[in-house]
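Dear colleague,

Please find below the structure that I am handing over to you. My notes on what was found in it follow directly after.

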Amino acid sequence: MPDRAGVHLAARVHLRLVYAFLYIPILVLMVLSLNRAGLPTAWTGFSLKWYGVLAESPAIVSAVRNTLVVAVSATVISSILGTLLAMGAERLNRSSTLDALLFAPMIIPDIVLAIALLSFFTLLNFTLGLHSIILSHVVFNIAFVCAIVRTRLRNFDHSIIEASDDLGAGRFTTFRRITLPVIFPGVLAGALLAFTLSIDEFIIAFFTAGPGESSTTLPMRIYAMIRFGVTPEINAMATIVMFVSFALVLLSQRIDRGSTQP
Amino acid sequence: MRSRRLHALLLATPGLAWLVIFMIIPCLIVFFYSFFERGTYGGIDYVFTLGNFARALEPIYLTIFLDSARIAGIATVIALLLAYPAAYAITLAPPGRQSRYLLLVMLPFWSNYLIRTYAWIVLLNREGLINRGLGGLGVIDEPISLLYNEFAVIVGLIYNYLPFVILSIYASLQRLNPEIREASEDLGAPAWRTFLRVTLPLTLPGVAAGGVFMFVLSIGNFITPDLLGGGRVHMVGTLVYDQFLSARDWPFGAALSMTLIAIMLLLLFLQAVLVNRAQRDRGTAHA
């Protein structure tokens, strides 16, 4: 069947072009971040000076610190609550209401969740700051951690738990010795994904940070820089952020996948 | 058995409580706000009105809804056309390599949305790589405006959501039983007919799921129209943003958000109906 081989070849070439479309824009940014001249769009020689400019900017350093505080706190809270939620949800009867509730944070447009949280905090006269960003980020992080841990729980042989119960192990012993080691790669993968989503999240942080510079996160700083115009520091910033995100996602995938293969 | 259920509920409660307090209740507040009047100083007057929804239907706002739907629709259709053959190509790879190919597709999707959008400002601006490339080739004499228009917004939306659409179509292609396709070919159907009559209908749920999510995330998008539209392209997402942060008309912004959610739920419902029908058809195909 020559026509079929032709179609397959065309599909493979198309896939390569899609990869080029996805990665060339990012590669262009990375190359331009090493550009000497202030003009960020034409090559004038190799330089690392824009990375230095970033490191010396107090606004960037403080934004990085805020981002880490938010991401670490939101990740810790959502990993614990998301894991417990996954364990509970797997034991309850299948319920489409529960599934919808766990799915909603992943698909609700972020601008809607952002204004909803702003309305909620304002109504309660809640002082906005880093803590309100953390409370908000936990919402979507819980959903992602829970989804990843649930997949692992579903793929695992529950008779082991029953065997452990039958042999007289207490609930906590069974959890510590059996369940936790089985789901731990999922928890870790979920935590890494939650951390990545949190350090990159802009709109919800923007709406729940409140006025003032003290709770500006890195994406909020990047947004302000982009609005201000195309500058060479943004390319350097973008390169670092992309590398960190890529590394975290790859690590998360490796942990979760490596462990499902016996 | 009862203690087991209680135990499960206990485990789930903290997480569920968090979602109820920080997602359901805030969304309910927005729902109620959408039926109140705007206060004189930008607050809320607790007087019932349907005026916010009536206002959303005024020509100026209706145009923005229709423009958003058109832009999101064009971007979604192009993304689906690009995604289908790409997902198909991944299923042709040896099983052991498919997850690696898929990871390569999804990697940009999990990274920073702002930066992926900014990359297109760098590529499309008057001094950017594309203008320089076209100028260098002699295709154009002077830089053309590629940025701050609908074209840029559509490119940005496709760029950001294409990985997700590929994933969604790949998932349904992978579930497809290859024997059904082979049976069609053994019975003498040409490849294109097998595709149109067998493969495409059976993978339509994946196409619909990817399409619906991309469409909804696109009309509600704020970053892409804001950065690549440069204030000239207004979409529902930017409109909601303006009502909350600059116009300070929260009830109207709330009504716009609720309309957005209503559109989303309607499309998800239609998609669920489609999936159910496809599953029923598949059931009869097996019999």
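In this predicted model, 67 residues of chain A are in contact with 64 residues of chain B; two residues are in contact if their C-beta atoms, placed from the backbone, lie within 7 Å. Several elements of chain A give two or more residues to the side that touches chain B, among them helix H1 (2–32), helix H3 (58–91), helix H6 (130–154) and helix H11 (232–260). Helices (H or I, at least four residues) and strands (E, at least two) are DSSP runs, numbered from the N terminus. H1(A) provides the largest share of this side of chain A, 16 residues. By type, the side of chain A that touches chain B holds 51 nonpolar, ten polar and six charged residues. Here Ala, Val, Leu, Ile, Met, Phe, Trp, Tyr, Cys and Pro count as nonpolar, Asp, Glu, Lys and Arg as charged, and the others, Gly among them, as polar.

A note on conventions is needed. Residues are numbered from 1 along each chain as its sequence is written, while chains are lettered from A and ligands numbered from 1 in the order in which they are written. Because the model is predicted, local features need pLDDT of at least 70 and side-chain atom pairs count only at pLDDT 80 or more, whereas totals for chains, interfaces and linings use all residues.

Chain A as a whole

Chain A has eleven helices and zero strands. The C-alpha trace of chain A spans about 70 × 70 × 30 Å along its principal axes. Of the 262 residues in chain A, 44% are buried. A residue is buried if 20 or more other C-beta atoms lie within 10 Å of its own, exposed if 12 or fewer, and partly exposed in between, with C-beta atoms placed from the backbone. Among the contacts in chain A with a separation of 6 or more, 79% join residues 24 or more positions apart.

H6(A) is mostly covered, since 20 of its 25 residues are buried.

A:Ala100 lies in helix H4 of chain A. Is A:Ala100 buried or exposed? A:Ala100 is exposed, because 11 other C-beta atoms lie within 10 Å. From A:Ala100 to A:Val187 there are 87 residues in sequence and 21 Å in space, C-alpha to C-alpha.

Loops in chain B

B:Tyr148 sits in the loop between helix H6 (129–136) and helix H7 (150–175) of chain B. Its phi is near 60 degrees, a positive value in a residue other than glycine. B:Tyr148 is partly exposed, because 18 other C-beta atoms lie within 10 Å.

B:Arg248 is in the loop between helix H11 (236–245) and helix H12 (250–286) of chain B. B:Arg248 is not a glycine, although it has a positive phi of about 50 degrees. With 15 C-beta neighbours inside 10 Å, B:Arg248 counts as partly exposed.

Yours sincerely
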